[in-house]
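Welcome! Here is a short tour for anyone meeting this structure for the first time. Have a look at it, and then we will walk through it together.

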Amino acid sequence: MFKEFAKGLSITFKHLLPGHSTTVQYPHVKLTPSERYRGLHRLVPTQDREKCVACYLCPTVCPAKCITVESAENEKGEKYPRVYKIDMLRCIFCGYCVEACPVEALEMTGEYELANYRRSDFEFTKERLLR
């Protein structure tokens with residue numbers, strides 16, 4: 001029993017030595033998330049507008065019902081989202097909206113800094129999602 005106890009303490013003391021720290025000094029050193037990380041949403045732009053065709057699949061599959069889409073038609077007769085809004089306070093970052101999009105107009109970036117001071121800053125409009 002003492003042997004196992006000593007072995008456990010030796011592992012603990014090894015991790016206390018300098019060079020074995022897993023702490024990251026966050027504002028100065030930023031972690032790179034994995035490739036599959038689901039962060040902030042982004043609408044993919046094309047040459048003159050966003051790629052979205054306002055098919056209403058993303059608000060339909062969203063379990064949190066945080067996506068609002070209102071469509072319109074341009075002079076060429078193409079549908080586009082007049083209003084595209086995501087309420088990030090309700091979003092659960094499941095990625096269903098990205099998977100459901102038939103034209104791959106929505107993607108999730110690796111951005112993980114989501115803090116804001118006002119509640120209104122968490123409503124991502126079409127203009128903010130195109131950045």
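Ala-115 sits in the loop between β4 and β5. This is a predicted model, and in it Ala-115 counts as exposed because its relative accessibility is 73%, with over 50% being the mark for that label. Pick out Lys-51 as well: 64 residues separate Lys-51 from Ala-115 along the chain, and their C-alpha atoms are 28 Å apart.

**A loop residue with the opposite setting**

Cys-52 also belongs to a loop, the one between β1 (41-43) and α2 (57-61). Is Cys-52 buried or exposed? Cys-52 counts as buried, because its relative accessibility is 9% and the label applies under 20%. Setting aside residues up to four places away in sequence, Cys-52 touches Leu-43, Lys-79, Tyr-80, Pro-81, Tyr-84 and Ala-105. Glu-4 is another matter: Cys-52 and Glu-4 are 48 residues apart in sequence, and from C-alpha to C-alpha they are 60 Å apart in space.

Lys-126 is a helix residue, lying in α4 (residues 126-129). With a relative accessible area of 12%, Lys-126 is buried. Beyond its neighbours within four places in sequence, Lys-126 is in contact with Leu-43, Glu-50, Tyr-80, Pro-81, Arg-82 and Tyr-84.

| Residue | Relative accessibility | Class |
|---|---|---|
| Ala-115 | 73% | exposed |
| Cys-52 | 9% | buried |
| Lys-126 | 12% | buried |

**The sheet**

Now to the strands. An open sheet is formed by 3 strands in the order β2-β3-β5, with antiparallel pairing. Because β2 and β5 (123-124) stand at the edges with a single partner strand each, one side of each is left without a neighbour in the sheet.

How many bridges hold β2 and β3 together? Their antiparallel pairing runs over 7 bridges. One place to look is Glu-73, which stands opposite Lys-79 in β3. The hairpin of β2 and β3 has 5 residues between the strands, and there Gly-77 takes a positive phi near 90°.

Asn-74 is found in the loop between β2 (67-73) and β3 (79-87). The side chain of Asn-74 reaches the backbone nitrogen of Lys-76 at 3.2 Å. Asn-74 also touches Arg-49 and Tyr-80, when residues up to four places away in sequence are not counted.

On to the pairing of β3 with β5: these strands run antiparallel and are joined by 2 bridges. Here Ile-86 stands opposite Phe-124 in β5.

**The nonpolar core**

Which residues touch the most other members of the largest nonpolar core? They are Ile-67, Tyr-84, Ile-86 and Met-88, out of 23 residues in that core. The elements giving two or more residues to this core are β2, β3 and β4 (106-108).

**Stepping back**

The protein has 4 helices and 5 strands. From the N terminus on, its elements run α-β-α-β-β-α-β-β-α. Why is the protein described as more spread out than a compact globule? Its radius of gyration is 22 Å, well over the 14 Å that the globule rule gives for 131 residues, so the protein is more spread out than a compact globule. Along its principal axes, the C-alpha trace spans about 80 × 30 × 30 Å.

Of the 131 residues, 27% are buried. The protein exposes about 9800 Å², and carbon and sulfur atoms supply 55% of that area. As for contacts with a separation of 6 or more, 66% are accounted for by residues 24 or more positions apart.

Terms used:
Residues numbered from 1 in each chain as written. Predicted model: local features only at pLDDT ≥ 70, side-chain atom pairs only at ≥ 80, totals over all residues. Heavy atoms only, no water. Polar contact = N/O pair within 3.5 Å; in protein donor to acceptor, adjacent residues only side chain to side chain. Contact = heavy atoms within 4.5 Å. Pairing = 2+ DSSP bridges. Rg over C-alpha atoms; globule rule 2.2 N^0.38 Å. Buried < 20%, exposed > 50% of the residue type's maximum accessible area, 1.4 Å probe, protein only. Areas by Shrake-Rupley, 256 points an atom, 1.4 Å probe, with all protein chains shown as cover. Core = buried A, V, L, I, M, F, W, Y, C linked by side-chain atoms within 4.5 Å.
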